[in-house]
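Please look over the following notes with the coordinates open beside them.

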Amino acid sequence: MTAPKTLYDKIWDAHVAHEAEDGTCLLYIDRHLVHEVTSPQAFEGLRMAGRKVRAPEKTIAVPDHNVPTTEGREDPSNMPEDSRIQVAALDTNAKEFGIHYYPVTDVRQGIVHIVGPEQGWTLPGMTVVCGDSHTATHGAFGALAHGIGTSEVEHVLATQTLIQKKSKNMKVEITGKLLPGVTAKDIVLRIIAETGTAGGTGYVIEYCGEAIRDLSMEGRMTICNMAIEGGARAGLIAPDQTTFDYVQGRPHAPKGAQWDAALNWWKTLFTDEGAHFDKVLVIEGESIEPTVTWGTSPEDALPISAVVPSPADFKGGKVDAAARSIEYMGLTSGTPLTDIEIDTVFIGSCTNGRIEDLRAAAEILKGRKVKDGIRAMIVPGSGLVRAQAEEEGLADIFQEAGFEWRLAGCSMCLAMNPDQLKPGERCAATSNRNFEGRQGRGGRTHLMSPAMAAAAAITGKITDVRTLA
Amino acid sequence: MDKFEKLSGIAAPMPLINIDTDMIIPKQFLKTIKRSGLGVNLFDEMRYDSEGKEIPDFVLNKPAYREAEIIVAGDNFGCGSSREHAPWAIKDFGIKCVIAPSFADIFFNNCFKNGILPIVLPQEQVDVLMKDAEKGANARMEVDLEAQTVTTSDGESFSFEVDPFRKHCLLEGLDDIGLTLEKGASIDAFESKATQERPWV
Ligand code: SF4
């Protein structure tokens, strides 16, 4: 009998194309996702060396980071020049190298990590890479997925492999049921608050337990998306019926006999009884409250019932970091989180820009109005999410409540397009990073779930969504 | 990456120390989406005036050195930021080898990744090479990587050190990608096996 394996071990073993004596492996890559910001020099590198894309049929490109999310964006003159150049470069490269491409004029365009699963490019047991750290998202399907740099993008384009050493195994188990009003975003913020942003460094995390099993695919993607914020190389959730139901019938999912064969293999993708984990964290599902961040690192997360901490609550280097965060965020220690007033609300990103996220926000916003003076925007994660939300009547709810209803893209998640915070502005955001200046120079970000962000839009303060339900 | 073949070329003398990456390629050229095309902006602020006109005194603007393939320079060449745009610009101009008494570490590494040979020689030998370079277009310097020698137009020869693995990569024109492509058979074999086992991928 072979030794029991983790899910990570199984996917890893199925993709090693070559192993050197020192354990360095060439890992075969099943899907390569590409966007406009980190790819131009990689394609240029191919061109200079006279190389081709080895597997164009496994390579998918979509512009998302720079694109405006306002109407009229198909007209390139509505884009700032450097953005326009990057998008045009992706256009050209996609055509020249013959890879799949979803331009802004295509209803399927959106954030790369939303488009991949939506189109059925991401499947269980695959290796998936992209020149973007939030590639971890695809781990929700039981795919080994992580971000890479530009030189690695070129390496994958040319060889369809990546030079890698294996990471260690970590298990994060969320037991039991969640309380009402608690979502996947609250789970993952709580996990990062416990592990810290470096707690996952050197590991691939498998998320498991009843509370994880009970999540939809959208919720699972939210969890895996932020695996990188905990420092992990990748996050994984074993595929199950929820996964198979989501995948079946997607444009690029297998069909007929291939579907049956795939399903057979996918059903073997779980961690064997007795497999070894190098690190384990267990959290009781019932102990998780709606969670928000107060500082400038995703680990600065607290339950909504808490107050802004004091630097003295921390140890070591975190004392100074906390003081700096509190100052940057313009907060006072001891202030209840629910007293913090916001002026901007951003619902979207690859963390929370899917249909279920929009439904959760709409449920809170229905029949209510955004507080006067608050700028609130919803940016769907893809053109298809947008179309579905319109069909379900969600878009009307948002617009009646006073939200701007945008076109798909990364938008204010990283503020590379014109959607930015001004210095000192404070935003309730459903994205994944609250770093200094992330949403615009001097801007202040509080991370939370879509329902919590919707609640904040109504009251103008960080709010416990359970008091509105 | 191109193979580094035996080089016989014109050497441009740049008897300056601390030639930094800002001089090599100023920051306004980093917004590019390309690695190529930076050659026209190599040493931009030393090479052009504020109106964009060539400064005739600058060595690479002189008729004798417009086709230079080697630079002979002073201590600490390539110091400053880590921008890989610096070797990209040098390469794009057509320079394949830089000779100096010392180099900044990151720049030195970046050179090898881009097929450029940086050669470290003692100051006295660099002085001899500098004099040779000053003779202009008729003086061709020879760089033989295989033999690890630099030879002046007068036939005076100096030998230099180079890391064996890096030498191999330069001679064969190998970068990371090149090395992986050497394992192409393993990748092919894996691919056909995987296609049989998981044809839906
Ligand atoms: S939505 Fe934000 S985190 Fe996601 S890919 Fe875009 S910029 Fe990155």
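1. By class, the lining of the largest cavity has six nonpolar, two polar and no charged residues, where Ala, Val, Leu, Ile, Met, Phe, Trp, Tyr, Cys and Pro count as nonpolar, Asp, Glu, Lys and Arg as charged, and the others, Gly among them, as polar. This is a predicted model, in which local features need pLDDT of at least 70 and side-chain atom pairs pLDDT 80 or more, while totals for chains, interfaces and linings use all residues. Residues are numbered from 1 along each chain as written, chains are lettered from A and ligands numbered from 1 in written order, and side-chain values use heavy atoms, without hydrogens or water.

2. Val188(A), Ile191(A), Tyr207(A) and Gly230(A) are among the residues lining this cavity (a set of points on a 1 Å grid over the protein atoms alone where a 1.4 Å probe fits but cannot get out, with lining residues having an atom within 4 Å of a point). Its volume is about 30 Å³, and H6(A) gives the most to the lining, with four residues.

3. Over all chains there are 34 salt bridges, each a side-chain nitrogen of Lys or Arg within 4 Å of a carboxyl oxygen of Asp or Glu. One of them joins Lys10(A) and Asp272(A) at 2.8 Å, N to O, and this pair links parts of the chain 262 residues apart. Lys10(A) is buried, at 15% relative accessible area, whereas Asp272(A) is partly exposed at 22% (buried means under 20%, exposed over 50%, partly exposed in between, with a 1.4 Å probe and protein chains only).

4. Glu392(A) and Arg359(A) also meet in a salt bridge, at 2.9 Å, N to O.

Definitions and conventions:
1 Å grid on protein atoms, 1.4 Å probe; cavity = no way out; pocket = protein on both sides within 12 Å on 5 of 7 lines; lining within 4 Å. Points joined across faces, edges and corners; volume = space filled by probe spheres on them. Helix = DSSP H or I, 4+ residues; strand = E, 2+ residues; numbered from the N terminus.
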